There are 2 protein chains.
Amino acid sequence: MQAKRVAIIAVGTELLDGGRVDTNGPWLSARLRALGFTVVGRLVVPDDVSAIQAGLAFFRDRADVLIVTGGLGPTHDDVTREAVAGWLGRAVVEDADWRRRMEADLAARGLSLPPMVFRMAQVVEGAEVLPNPVGAAPGQWIEVGGHVYILLPGPPPELQGIYQAHLEERLRRRAPQPPPKSVLLRTSGVPESRIAERVQAILDRSDVAWSILPGPARVDLEVRWTGPGDESVWEQLLERLRQALGEDLYAEGDVSIEAVVGQRLRDRRQTLATAESCTGGLLGHRITNVPGSSDYYMRGYVAYSNEAKVDLLGVDPEAIRQYGAVSEPVARQMAEGARRRAGTDWAVAITGIAGPTGGTPEKPVGTVHIAVAGPDGTTHRRFQFRGTRELIKEQSAQMALDLLRRRLVASGE
Amino acid sequence: MQAKRVAIIAVGTELLDGGRVDTNGPWLSARLRALGFTVVGRLVVPDDVSAIQAGLAFFRDRADVLIVTGGLGPTHDDVTREAVAGWLGRAVVEDADWRRRMEADLAARGLSLPPMVFRMAQVVEGAEVLPNPVGAAPGQWIEVGGHVYILLPGPPPELQGIYQAHLEERLRRRAPQPPPKSVLLRTSGVPESRIAERVQAILDRSDVAWSILPGPARVDLEVRWTGPGDESVWEQLLERLRQALGEDLYAEGDVSIEAVVGQRLRDRRQTLATAESCTGGLLGHRITNVPGSSDYYMRGYVAYSNEAKVDLLGVDPEAIRQYGAVSEPVARQMAEGARRRAGTDWAVAITGIAGPTGGTPEKPVGTVHIAVAGPDGTTHRRFQFRGTRELIKEQSAQMALDLLRRRLVASGE
């Protein structure tokens, strides 16, 4: 049987209380999709037999593979075994081999636990046991009437351990062949609707599925080729998209803009410093999220007060008095001062009003000036961002990285 | 109508691809639960009209309030409006007021966008518009046959902005009365199992439900009082918990540690500087996420290279040579140098190995030294964190804030 559609049911009242986030669903989804499966839906239900069974009923006609995560522990509220068995009209039985293995493991660790732990040796009648390499609750694989049911424990390391040891290969054999082609195209600094406008004529065809994913000052375009036909069709399509996006495209695939900028600096053996006011260190934080960033990132100045701008970066106090700390002259002086004092090839500066207070009619909240100083001079842009304080900081850092990227593209190669 | 049961449908193919994680569901769940609602289920579906409608059908008899998040943007794959309208047997119509508001906003920002943006002014016929304070797609509130349907845009800042401005009060009036008593107790620097050990004797009673939610170098304890009885029972319980947690408790309620530290500094009219190496600016970023932080946060030094540690903070090059950049003497000199050069009352310094490379047998990845310099001297702690690069940075910033908080508690009042 070749399976194409997968549904995931996450069991756990704590996931619905808002206290815990289900990370298993996204983790499994990414892997299943890479194998070529389509994840048709994910449902989170409480620790309740009828809720689990309602979820199974909901997905039965929508999916070929139903994965249920969680609810396989030892306590009274772990009811996934009972729910799935009941729904399939089967019994819950003890797996003698797994029980012996649990007993041996407890003995080896010198542990004596309450008898309830052996609930974890119980499985749906007829299930194949998928041994748990890091915990006591095994996974279960049940094939019935054209469907595969997979039960996995909720703790992420256990679920991941079972998946990697016993599930991935098994699922790969059921996956659609060949897996569909897809690409993630990442852009920065252009609104969602403009990106859509540029690509929709290219993508308006029946063998392509696409979606647009906006983030703070960035837009991702995800394109999947579902059609039959020659691979060259896909390659041509990709080439047309690259041309349509031009320099606004900063990466193909799951690569951050800070990694792209970092790679360019490393390739050119150039160095970078930052000077931040309203972002308070976020730009440096993002740059240093890239492993190995110490190769090119030397230092950052968080010049939050006016005095710090003067003292740390040599900004002219008269410029602050005349134009304000949030202004083009100050942004330029911050970038140039950082570059000069750090002795780096490049420096990026951000000064702005992140809010919620501090705005004026001339400089409302969201006014941000960004300057990039480099070997070929200093450039500047003024932005008017919207949103919360954190969102204005996010957009500022993103655009600072994007302006640096564009400068590196323009000056390099 | 008093509503008790809520279901949430998150719309977005990208959420099923594993490319994006749905954070809106958990965020809403936590708030709805605090109001006294029960979240009966969450479903993630692709950008597909029939999938959204199947979700609505699934939850209709299980919930009184159905919230649909996402799919309200301008592009062809944003189909939530059409799906909900179709399912309710209504039309999709343009909201003239909202369109005018969008036009005025675009004009004010000097932007001209493709006509498709005005899809965001379309609503389900009869819907009440919930203005979006930070974006173009408004929320929608529709009451039909004993149910409330709420449509919210997917970008978290927009969803949260609408919720806070227009939904929370409205939902509070529909919530079960009285809402159950609950408290969030936030601790830092103590492992999950130790926190559990300290509180379990207090909480092991039938009228209390509780959960422990660990995060990077922090543990939240959520306690709900479900029992009947006098309010004084709850107050006594709370008091016992406060005593059990002692100084490890930094906040009651949804307050960040950076806000707690900021409030203490403001109360004392004291100032702060930061000196960061491995966190690259994350500490300054977190401090400046608090509105008004410019009252006490003056500046930060991101001394990523050794040269920057010497040049910016006056660290003795001999100390770096002898002990290494990741060492107690260097952390102390960084903190003291930052305090002296910035002229602040307090300074916090972090130097460590965030990985994934750069570790040695003596100083493995995750080795982090944190120092706090203040009016009453300098203190230091060494940590051995585990996890990814980003997780080590997160834990480092959290513990730096926690050490400063403890110093402020010890020296103050």
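1. Quick definition to begin: contact means heavy atoms within 4.5 Å. This is a predicted model, where local features need pLDDT of at least 70, side-chain atom pairs count only at pLDDT 80 or more, and totals for chains, interfaces and linings use all residues. Residues are numbered from 1 along each chain as its sequence is written, chains are lettered from A and ligands numbered from 1 in the order in which they are written, and side-chain values use heavy atoms, with hydrogens and water left out.

2. Now look at chain A, where an open antiparallel sheet has 4 strands in the order β10-β11-β9-β12 (strands are DSSP runs of E, at least two residues, and helices runs of H or I, at least four, numbered from the N terminus; two strands pair if DSSP finds at least two bridges between them). Each of β10 (208-215) and β12 (249-252) of chain A has a single partner strand, so one side of each has no neighbour in the sheet. From one strand to the next, the twist averages 20°.

3. Zoom in on β10(A) and β11(A) (residues 218-225): 8 bridges join these antiparallel strands. Opposite A:Gly215 you'll find A:Arg218 of β11(A).

4. Helix α14 (residues 389-411) of chain A lies across β9 (181-188), β11 and β12, at about 95° to β9(A) (axes are lines fitted to C-alpha atoms, for helices over the stretch in contact, and angles run from 0 to 180 degrees between N-to-C directions).

5. Over in chain B, B:Gln140 sits in strand β7 (residues 139-144). Is B:Gln140 buried or exposed? B:Gln140 counts as buried, at 1% relative accessibility (buried is under 20% relative accessible area, exposed over 50%, partly exposed in between, with a 1.4 Å probe and protein chains only).
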